[in-house]
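Okay, thanks everyone for coming.

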Amino acid sequence: MRTQVFLTLLALVFLSAPASAQASRASSEQAVLSPGDSVRIVVWRKPEFSGDFVVAPNGTITHPLFRSVQVGGLPFATAEANVRKFLSRFEENPEFVMEPLIRVAISGEVDRPQVFALRPETTIAEAVARAGGATELGARNRVRVVRLNPTGQQEQLIVNLTDPTAGYGRIPVRSGDQIIVDRRKSFARDILLPTLGVIGSIASLGLLIDRISRP
């Protein structure tokens, strides 16, 4: 009876969710986990099977109970089926929720530079916000995203977060992305002061030569 109620509630929540939430679910289902990513598993009434677990280099889950379950390098639906098959050893119809969390590094001029575990539908703009947003020195119009393309080659995107119409800020993150908020250029700091330093060095050199050349 409780199982039927639980499943009915899940169905009602999904059907009543807005289109954006359903789109997020679709994005998660299309995700492919890589080593270093994480998977969040919540098993009904079994806390020992629940938690956030890192995907090992061989694609399995780094947890003593799940270490034989393959989830990396597979469509998420297949990974979820593998977890279901494993949990079926302990319960006939396991009730669980599984969510992919991909690894994204955010650095540069942000308040909290670090590696985050993010949902696949997280946008680049949202990822920067998770890192506390750009600092006062951050160039929000020049955010670099370094990622691997489908052929395995590294590519770089330049994202302007100050222009909502550009659309790049709404691009979802990918596993292994490196998001760098560059420092905003300053005329005084980047051009004037170095120039004055060069002029001062030349003037000092001229004085030294003048002193040496005096009889």
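This is a predicted model: local features need pLDDT of at least 70, side-chain atom pairs count only at pLDDT 80 or more; totals for chains, interfaces and linings use all residues.

We have five helices and seven strands in the chain. If you read along the sequence, the order goes α-α-β-β-α-β-β-α-β-β-β-α. There are 215 residues, and 31% of them count as buried. As for the surface, the chain exposes about 13300 Å², with carbon and sulfur atoms supplying 59% of that. And if you take the contacts with a separation of 6 or more, 50% of them are between residues 24 or more positions apart.

Now let's go inside. Nonpolar side chains in soluble globular proteins do tend to be buried together. Here, the largest nonpolar core has 18 residues. The ones with the most contacts inside it are Ile41, Ile61, Phe66, Val71, Val83, Leu87 and Met98. Which elements give two or more residues to this core? Those are S1, H3 and S3. H3 makes the largest contribution, with five residues.

Leave out its neighbours within four places in sequence, and Ile61 is still in contact with Val39, Ile41, Phe53, Val54, Phe66, Arg67, Val69, Val71 and Val83. There's also a second, separate core, this one of 17 residues, and Val104, Val128, Val173 and Ile179 are among them.

H3 covers residues 76–87, so that's twelve residues, and from first C-alpha to last it reaches 16 Å, close to the 16 Å expected at 1.5 Å a residue. Which residues of H3 are buried? They are Phe76, Ala79, Glu80, Val83, Phe86 and Leu87. Those six sit on the same side of H3, because they cover an arc of only 120 degrees around the axis.

Next up, salt bridges. Side chains of opposite charge can pair when their charged atoms come close. How many salt bridges does the structure hold? Nine.

Asp37 is buried, at a relative accessible area of 0%. Arg103, on the other hand, is partly exposed at 30%.

Then there's Arg142 with Asp182, which meet at 3.3 Å, N to O. Arg142 belongs to strand S5 (residues 138–148) and Asp182 to strand S7 (residues 178–183), so here the pair ties together parts that are 40 residues apart in sequence. Arg142 counts as partly exposed, with 41% relative accessibility, and Asp182 is buried at 15%.

Arg119 is partly exposed, with a relative accessible area of 34%, whereas Glu121 is buried at 17%. Those two also belong to a network of salt bridges that links Arg40, Asp52, Glu99, Arg119 and Glu121.

Is Thr123 buried or exposed? Thr123 counts as buried, with 14% relative accessibility. You'll find Thr123 in the loop between strand S4 (114–118) and helix H4 (124–130). Not counting residues up to four places away in sequence, Thr123 touches Gly169, Arg170, Ile171, Pro172 and Val173. And Val173, if you remember, is one of the residues in that second core.

The other one is Pro57, in the loop between strand S2 (51–54) and H3. Pro57 is exposed, with a relative accessible area of 77%. Along the chain, Pro57 and Gly72 are 15 residues apart, and their C-alpha atoms are separated by 8.4 Å.

That's what I have, so let's open it up for discussion.

How values were computed:
Residues are numbered from 1 along each chain as its sequence is written. Side-chain values use heavy atoms; hydrogens and water are left out. Helices (H or I, at least four residues) and strands (E, at least two) are DSSP runs, numbered from the N terminus. The expected span of a helix is 1.5 Å times one less than its number of residues. Buried means under 20% relative accessible area, exposed over 50%, partly exposed in between (1.4 Å probe, protein chains only). The arc is that of the directions from the helix axis to the C-beta atoms. A salt bridge is a side-chain nitrogen of Lys or Arg within 4 Å of a carboxyl oxygen of Asp or Glu. Contact means heavy atoms within 4.5 Å. Accessible areas come from the Shrake-Rupley method with a 1.4 Å probe; for residues, only the protein chains shown count as cover. A nonpolar core is a set of buried Ala, Val, Leu, Ile, Met, Phe, Trp, Tyr and Cys residues joined through side-chain atoms within 4.5 Å.
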